[in-house]
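Please keep the sequence and the structure in view while reading.

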Amino acid sequence: VKDKIVMKKWQIGKDYKLGDHATTDWTTRVELDLPDGSKINADVDTGFQIEISEKKTTIFMDSGKIRAFIQPGRNFHIETNISSAGARGTEFVVEISANATTYYILDGTVEVKGILEGKTVLAQAGQKVTQDDFNAKLGEPQPFDVSSVNRWWEMSLSKKSSKNAGKTGSSLFTSSGFRIATPFVLVLFLIVAFVLIKKREQ
């Protein structure tokens with residue numbers, strides 16, 4: 001039986017404390033209502049930290065995907081290591097992959113800024129902005145199929161479970177592959193050493 005993605009609704013103060021870093025595991029998505037009236041959905045294997053002040057809401061994101069539904073008029077930012085997105089009363093998705101960070105605008109307008117490059121790009125609904133992680137360059141807005149993002153968000157883990165086989169319950173423990181490989185390498189080393197010793201004895 002293949003696992004399914006489970007959507008859990010977190011509450012500020014109960015399941016998540018503002019200012020703390022949280023990471024979802026590979027079978028869990030999280031829905032979180034923020035005190036400012038905004039809402040975020042954090043996908044599987046997503047790391048984030050939320051800070052809220054009187055004038056601004058900031059989400060620091062280091063992995064995965066977050067879909068943000070922003071309260072109109074609220075100063076809302078999502079920041080990564082190399083870029084940031086600012087918006088008021090809109091909906092967008094931020095995805096951090098192995099080689100790039102991509103902003104998908106589903107509604108309204110989002111301002112994306114490259115932290116290292118200093119370049120700023122305005123993207124409208126139906127456009128995406130991609131930043132290369134290697135050179136940190138921010139691309140120009142490009143069209144994309146909004147319905148594809150909705151389909152991706154609604155899909156079950158049945159298509160992903162085979163890709164995640166061998167992963168532990170949390171992305172904080174992604175060294176599981178190393179723990180499995182280490183005994184194998186050690187045994188192989190001992191066999192090679194034994195063969196070499198036997199050759200010397202001959």
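A residue is called buried when its relative accessible area is under 20%, exposed when that area is over 50%, and partly exposed in between, as computed with a 1.4 Å probe on protein chains only. The model is a predicted one, in which local features need pLDDT of at least 70 and side-chain atom pairs count only at pLDDT 80 or more, while totals for chains, interfaces and linings use all residues. Residues are numbered from 1 along each chain as its sequence is written, and side-chain values rest on heavy atoms, with hydrogens and water left out.

Helices (H or I, at least four residues) and strands (E, at least two) are taken as DSSP runs and numbered from the N terminus. Helix 1 spans residues 146-154, and its buried residues are Val149, Trp152 and Trp153. Viewed down the helix axis, these buried residues fall within an arc of 100°, so they line one face of helix 1; the arc is that of the directions from the helix axis to the C-beta atoms. On the face turned away from the buried side, helix 1 carries the exposed residues Arg151 and Glu154. The cover over the buried residues, judged by contact (heavy atoms within 4.5 Å), includes strand 1 (6-10), strand 3 (28-33), strand 4 (39-42), strand 6 (57-69), strand 9 (91-96) and strand 10 (100-107).

Aromatic side chains form the next theme. A pair of aromatic rings is described by the distance of the centres and the angle of the planes. Rings of Phe, Tyr and Trp (its six-membered ring) pair if their centres lie within 6.5 Å; planes under 30 degrees apart count as stacked, over 60 as edge-to-face, and the rest as tilted. The structure holds 3 aromatic pairs. In one of them, the ring centres of Tyr16 and Phe48 are 5.8 Å apart and the planes stand at 40°, so this pair is tilted. The pair links distant parts of the chain, with Tyr16 in the loop between strand 1 and strand 2 (21-23) and Phe48 in strand 5 (residues 47-52), 32 residues apart. Tyr16 is buried at a relative accessible area of 3%, and Phe48 is buried at 0%. Another pair joins Tyr104 and Phe144, whose ring centres are 5.2 Å apart with planes at 70°, so the pair is edge-to-face. Because Tyr104 lies in strand 10 and Phe144 in the loop between strand 14 (142-143) and helix 1, this pair ties together parts that are 40 residues apart in sequence. Tyr104 is buried at 17% relative accessibility, as is Phe144 at 15%. Trp10, Tyr16 and Phe48 form one aromatic cluster.

Charged side chains complete the account. Side chains of opposite charge can pair when their charged atoms come close. A salt bridge is a side-chain nitrogen of Lys or Arg within 4 Å of a carboxyl oxygen of Asp or Glu, and the structure holds 8 of them. Lys9 forms one with Glu31, their closest N and O atoms being 2.8 Å apart. Lys9 lies in strand 1 and Glu31 in strand 3, so the pair ties together parts that are 22 residues apart in sequence. Asp43 forms a salt bridge with Arg29, at 2.4 Å between the closest N and O atoms. Asp43 is buried at 0% relative accessibility, and Arg29 is buried at 4%.
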